[in-house]
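The sequence and structure come first, and the contacts follow.

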Amino acid sequence: MFIEVGHFAVVLAFALSIVASTIPLWGAHKADARLMALAVPAVRGQFVLIAVGFAALVAAFIDNDFSVLYVAENSNTALPFAYRIAAVWGAHEGSLLLWVLILAGWALAVSIFSQSLPVVMKTRVLALLSWVTLGFLSFLLFTSNPFERLIPAALEGRDLNPLLQDPALVIHPPMLYMGYVGFSVAWAFAVAALLGGTLDSTWARWSRPWTTVAWLFLTIGISLGSWWAYYELGWGGWWFWDPVENASFMPWLMGTALIHSLAVTEKRATFKNWTVLLAIFTFSLSLLGTFLVRSGVLVSVHAFATDPERGAWILAMMTIFVSVGLFLYAWRAPYITSVGKFNWLSRESLLLVNNVLLVVAAITVLTGTLYPIALDWLKVGKISVGPPYFNATFVPLMLPLMLAMGFGVASRWKRDSRQLLNRLAVASAVAAALGLLFNLVVVENNSVLIAVSVFLAFWVLVTAAREPIQRIRSKGSVAAGIKSLPLHLHGMVVAHIGLAITALGIAVTSADSAMADEVIKRGNSATVGGYEFQFMNIEEVAGPNYDATRASIKVNQGREHVAWLYPEKRIYRVQTSPMTEAGIDAGFTRDVYISLGEPVGNDSWSFRMQVKPLVRWIWLGTIFMAIGGLLAVCDPRYRRQAKRKAA
Amino acid sequence: MRRVVKALLFLFLIASPAWAIDSFQLPEDPQLLARYQALSEEFRCLVCQNQNLADSNAELAKDLKIELVELLQAGKNDEQIREFLVARYGDFVLYRPPVNSATAFLWLAPLIAVSVLGLVVLMLWRRGRQTETATANDEQVAAALADLKKQKNS
Amino acid sequence: MKRFILPFVFLAGLVTLLAAGLGLNPREVPSPLIGKPVPEFTLPTLADPEFRVSDRDLKGQPYLFNVWASWCPTCYQEHPLLMQLAERGVNIVGLNIEDERADAIAVLEKGGDPYRVVLVDYDGRSRIDWGVIATPETFLVDANGVIQYKHTGAITWQDWAEVIAPKYQQLLTGAPRG
């Protein structure tokens with residue numbers, strides 16, 4: 001019964017989104033305040049209705065209501081409680097409902113926090129977001145209905161995919177969708193501004209915090225996905241350039257370009273055309289990502305059960321939303337003038353370099369991801385484009401980016417001079433010294449590429465820290481210095497330091513990781529990367545919904561005991577699929593990692609042992625980046641502006 | 001129907017395939033081992049969703065890894081090993097696409113994108129200078145207008 | 001004006017490509033062996049492990065080269081079709097891979113034996129030479145021992161009638177009679 005209420009609520013939300021996407025827009029066109037006033041309640045109503053639908057599905061999972069097809073396919077009575085809730089977004093239909101819920105949540109947030117926006121602008125933004133809601137709700141209701149009944153009901157469910165029964169995977173999709181979907185707000189602001197014909201720096205100021213929030217969620221989402229792949233897939237890799245990873249990475253790269261370009265547009269009223277295009281493209285890459293994951297055009301480790309019909313729907317939506325944006329852009333752009341003038345050596349120029357490199361990186365990932373489809377389509381042959389291609393093309397783009405970052409943060413708007421080099425003299429000396437020290441002391445298997453990456457990481461780190469350090473020195477105290485730095489600059493500093501940390505993690509892990517596959521007899525040991533792995537015992541253990549074979553491994557470094565590790569091989573009872581659970585001793589300086597292979601008889605098992613120095617820094621850095629985004633959003637000037645307008 | 005069920009039952013009973021790792025000795029020579037590890041990450045496990053040979057436990061992947069070790073020990077160089085696999089499975093087996101006329105655009109894509117966007121940036125810079133002069137003119141016009149106004153008022 | 005149209009061109013290209021991509025099967029990998037002579041082999045037969053058959057022995061008339069295993073459910077699906085083809089006189093050679101001899105023989109005793117001869121490759125060597133990815137796979141080889149076509153997965157009657165049979169007929173008429 002409850003599930004029908006949910007279904008009905010979502011159908012109502014669908015009807016409401018038709019109203020919300022059309023009438024207020026007409027009102028904005030005719031300057032009719034009564035029609036425009038519909039937008040806010042309609043958007044809030046959509047959220048409430050979709051939330052009811054979502055709650056109904058959650059309830060069905062908690063109740064183990066296997067008369068609901070989606071529940072029967074993705075849950076089981078033996079599934080632990082937390083995973084029963086996470087199972088709601090464990091497959092296509094439910095995750096799509098979460099997608100729409102988050103979208104409605106973003107629209108709700110815009111309706112609440114944008115009191116200062118001119119009514120026409122706000123109405124347009126909300127109506128445009130309703131268009132997206134309408135698109136995805138019709139996709140959900142017509143092709144992917146999670147509320148469908150199963151008659152007769154199943155006695156037992158088919159269980160959640162064991163790969164997804166993991167704490168990180170409980171929060172990974174919501175974070176990722178917060179980011180993906182959040183870029184729809186940036187798109188809506190851009191399209192609304194194009195409709196109104198006024199692309200000024202106030203538009204950039206309104207759009208900026210929303211874009212930054214979406215970006216920081218996407219950062220966390222991608223990072224969680226990488227961390228999960230690292231410990232759950234059992235191979236110790238943290239990034240595979242898999243199509244599904246690329247699907248989320250492309251909007252991240254474009255979104256990173258966008259938040260920097262928005263800064264220029266806000267401060268200097270320039271790059272307007274470019275920023276608008278970036279906003280449109282960032283959202284299109286989010287939609288493209290959704291397409292890649294759900295359509296089945298590419299083979300991936302973690303794609304959803306796929307279906308070309310769904311792909312056609314998403315493709316149609318993508319075409320519509322992007323075309324609308326581009327059409328308005330083509331119509332308005334010739335009349336948009338960028339007033340800010342700038343010299344070739346200026347912060348504008350350096351941010352332009354940043355934008356070019358990030359966009360080229362996104363285009364490269366896009367090309368690599370889609371190229372096999374293109375060749376197949378043209379009947380030229382089947383190829384695979386994998387990590388060797390992406391590493392070879394991506395890294396050379398990131399190194400100059402890091403170089404430009406250092407100059408960028410220290411440069412002046414409009415026009416800079418040779419002074420810039422003088423200003424950075426101390427910083428470059430410090431970065432060089434630290435980089436050299438790090439290269440000599442920490443990195444073992446060095447190469448030119450690694451050494452350069454390390455130097456550039458310290459360059460980014462030192463140049464980012466330069467501003468707060470100078471403030472502290474000129475104010476005479478740490479507290480006063482920190483306080484005198486505006487919050488959004490703190491955000492920049494922290495995010496840039498985060499990138500440096502991630503870069504160091506990547507460089508050292510790629511250079512110095514040790515790995516070996518070995519067969520060990522019980523009682524014996526193997527040594528990898530200076531660590532001795534002693535295979536003590538192997539036993540059968542029963543989990544709540546799986547049976548596991550668990551090895552006990554004693555790890556020693558020289559005479560010193562380091563840790564006990566318990567790698568497992570699990571067989572989940574319902575889907576009978578084998579999973580590996582790696583045994584990891586996590587540490588700030590290194591991870592010791594072991595995964596259990598197969599029995600080879602004679603009381604011996606095969607193992608894969610790895611020592612991965614600084615691997616945690618990769619995710620640590622992303623946490624810094626996300627915190628940086630958060631600090632930037634909390635900058636009081638956004639609230640001041642809100643108050644001023646309200647007064 | 002019964003035959004299918006029987007067949008399936010039969011299937012499950014004998015489905016425990018022999019572990020290929022038994023006969024699977026990794027090269028002792030550290031140089032060969034390093035090449036083995038690098039190569040096994042470069043080839044695609046063809047039956048898997050999207051995994052390289054190193055990360056896969058599939059039967060085919062194991063057979064191919066054994067083959068890889070034997071080719072290495074037979075003194076084949078990396079290029080010969082790639083050719084060996086491509087002759088049997090096609091370019092699909094390579095995660096590093098070969099450079100040929102079909103993949104030229106793929107490998108050149110970053111360069112093309114950098115040049116195109118670089119040109120756009122150059123145009124922006126030039127225009128940035130032009131608007132500078134244009135605004136200067138506007139200012140001159142405004143000043144002249146103000147002068148006119150003054151003259152009128154006086 | 002032109003540069004404002006450019007993003008549209010880009011979008012149109014992308015959407016066309018993706019729409020085309022929906023109709024393609026990413027799992028279907030064409031064999032590079034087509035048009036090439038079959039890989040050289042000398043393999044024991046399932047019936048008599050002492051008796052060996054080489055690629056040269058099979059020359060002279062076209063044949064279907066069917067790769068199968070007793071643990072492969074899709075092979076069971078295909079088996080009745082192979083039986084009927086054999087009754088119609090189609091020349092089928094089997095390659096049994098990654099299997100136990102007894103299991104494979106049991107399958108043929110139960111479901112019938114459509115093969116003129118079944119070769120055995122339990123160390124995976126010949127399988128790699130043929131570029132076999134997953135069972136069942138079927139190659140169409142002409143009288144001179146050149147591979148003409150490869151089918152991945154179970155053959156359906158439609159596949160047979162529309163694609164494979166015409167090719168096989170053509171090879172038959174072109175084959176030396178004798």
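Across the interface of chain A and chain B, the rule finds two salt bridges, a salt bridge being a side-chain nitrogen of Lys or Arg within 4 Å of a carboxyl oxygen of Asp or Glu. A:Arg608 and B:Asp55 form a salt bridge through their side chains, at 3.1 Å from N to O.

The model is predicted: local features need pLDDT of at least 70, side-chain atom pairs count only at pLDDT 80 or more, and totals for chains, interfaces and linings use all residues. Residues are numbered from 1 along each chain as its sequence is written, chains are lettered from A and ligands numbered from 1 in the order in which they are written, and side-chain values use heavy atoms, with hydrogens and water left out.

**Chain A and chain B**

Between chain A and chain B, 11 residue pairs are in polar contact, both residues at pLDDT 80 or more. A polar contact is a pair of N or O atoms within 3.5 Å; within protein, one must be able to donate a hydrogen and the other to accept it, and residues adjacent in sequence count only if both atoms are side-chain atoms. On the side of chain A that touches chain B, at least two residues each come from α13 (347–377), α14 (387–410), β1 (514–521), β9 (590–599) and β10 (604–613). These are DSSP runs numbered from the N terminus, with helices (H or I) of at least four residues and strands (E) of at least two. The most is given by α13(A), with 11 residues. By class, this side of chain A has 27 nonpolar, 11 polar and seven charged residues. Ala, Val, Leu, Ile, Met, Phe, Trp, Tyr, Cys and Pro count as nonpolar, Asp, Glu, Lys and Arg as charged, and the others, Gly among them, as polar.

Contact (heavy atoms within 4.5 Å) joins 45 residues of chain A to 40 residues of chain B.

**Domains of chain A**

An automatic or database assignment divides chain A into domain 1 (1–160) and domain 2 (516–616). Their centres, taken over C-alpha atoms, are 43 Å apart. Eight residues of domain 1 are in contact with four residues of domain 2. Between these domains there are zero salt bridges and two residue pairs in polar contact.

**Buried area**

Buried area is the accessible area (1.4 Å probe) that two parts lose on being put together, summed over both.

| Parts | Buried area | Carbon and sulfur share |
|---|---|---|
| Chain A and chain B | about 3700 Å² | 66% |
| Domain 1 and domain 2 of chain A | about 460 Å² | 50% |
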